[in-house]
Amino acid sequence: MTATEDPESDPRWDAVRAAARRRVPTPPGLVERVLRAVARGRRTAVDVPGGTGRLRVTEGVVDRLARTIAAERAPDGVRVSAVAVEDGVVQVLVSVRFGVVADEAAEALRRDVTAELSRQLGVPSIVNVHVDVHRDAN
């Protein structure tokens, strides 16, 4: 296919277009885990080492920090849909625009968010990125 051909009219893309139209189910239990994490957000804290001792930071603060980092670091064609922290693990749900290599984009975002969150908090962070693939992601 040349650069001037339209993939929308190329029959070789029919299988890909059909896959993009198929709804990808939310991972089992993700919605419940996110809702539980939101409900617990103010009660659960993460210990962060400081210059003169330890600082307790709520998971809500970690959530907002992770959400900001993820939004800033999301590659082109990837939109952060939701972020939640459950038991110290950051869960990031993203939508990926049709044509973006989802696993590569998710892994790049996971590495970036993990590194920056760990740097800012001063403790190792665990980040999981879950992908929802659909045609109209921004």
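Colleague: Of the 21 residues in the largest nonpolar core, which touch the most other members?

Modeller: As a general idea, nonpolar side chains in soluble globular proteins tend to be buried together. In this predicted model, the residues of the largest nonpolar core that touch the most other members are Val62, Val90, Val92, Val94, Leu117 and Val127. At least two residues of this core are supplied by each of helix H3 (59–73), strand E3 (78–86), strand E4 (89–96), helix H4 (102–121) and strand E5. Helix H4 gives the largest share, six residues.

Colleague: Which residues of H4 are buried?

Modeller: The buried residues of H4 are Ala105, Ala106, Leu109, Val113, Thr114, Glu116, Leu117, Ser118 and Leu121. The helix has 20 residues and reaches 28 Å from its first C-alpha to its last, close to the 28 Å expected at 1.5 Å a residue. Gly122 follows H4 and has a positive phi, near 80°.

Colleague: What is the corresponding reading for H3, and is Val62 buried or exposed?

Modeller: Val62 has its place in helix H3 and counts as buried because its relative accessibility is 5%, where the cut-off for buried is under 20%. The other buried residues of H3 include Glu59, Gly60, Asp63, Ala66, Ile69 and Ala70. H3 has 15 residues and spans 20 Å from first C-alpha to last, close to the 21 Å expected at 1.5 Å a residue. Val62 and Val83 are 21 residues apart in sequence, and their C-alpha atoms are 9.9 Å apart in space.

Colleague: With which residues is Val94 in contact, leaving aside its neighbours within four places in sequence?

Modeller: Val94 is in contact with Val78, Arg79, Val80, Ser81, Leu109, Val129, His130, Val131 and Asp132. One of these partners, His130, deserves a separate reading.

Colleague: With which side chain does the side chain of His130 make a polar contact?

Modeller: The partner is the side chain of Gln91, at 2.6 Å. His130 is found in strand E5 (residues 126–133) and is buried, with a relative accessible area of 18%. Not counting residues up to four places away in sequence, His130 touches Pro27, Leu30, Gln91, Val92, Leu93 and Val94.

Colleague: Turning to aromatic rings, how many aromatic pairs are counted?

Modeller: In general, a pair of aromatic rings is described by the distance of the centres and the angle of the planes. Here the count comes to one aromatic pair. The ring centres of Trp13 and Phe98 are 6.3 Å apart and their planes stand at 65°, so the pair is edge-to-face.

Colleague: Why does this pair tie together parts that are 85 residues apart in sequence?

Modeller: Trp13 lies in the segment before helix H1 (14–21), whereas Phe98 lies in the loop between E4 and H4, so the pair ties together parts that are 85 residues apart in sequence. Trp13 is partly exposed, with a relative accessible area of 30%. Phe98 is also partly exposed, at 24%.

Conventions:
Residues are numbered from 1 along each chain as its sequence is written. This is a predicted model: local features need pLDDT of at least 70, side-chain atom pairs count only at pLDDT 80 or more; totals for chains, interfaces and linings use all residues. Side-chain values use heavy atoms; hydrogens and water are left out. Helices (H or I, at least four residues) and strands (E, at least two) are DSSP runs, numbered from the N terminus. Buried means under 20% relative accessible area, exposed over 50%, partly exposed in between (1.4 Å probe, protein chains only). A polar contact is a pair of N or O atoms within 3.5 Å; within protein, one must be able to donate a hydrogen and the other to accept it, and residues adjacent in sequence count only if both atoms are side-chain atoms. Contact means heavy atoms within 4.5 Å. A nonpolar core is a set of buried Ala, Val, Leu, Ile, Met, Phe, Trp, Tyr and Cys residues joined through side-chain atoms within 4.5 Å. The expected span of a helix is 1.5 Å times one less than its number of residues. Rings of Phe, Tyr and Trp (its six-membered ring) pair if their centres lie within 6.5 Å; planes under 30 degrees apart count as stacked, over 60 as edge-to-face and the rest as tilted.
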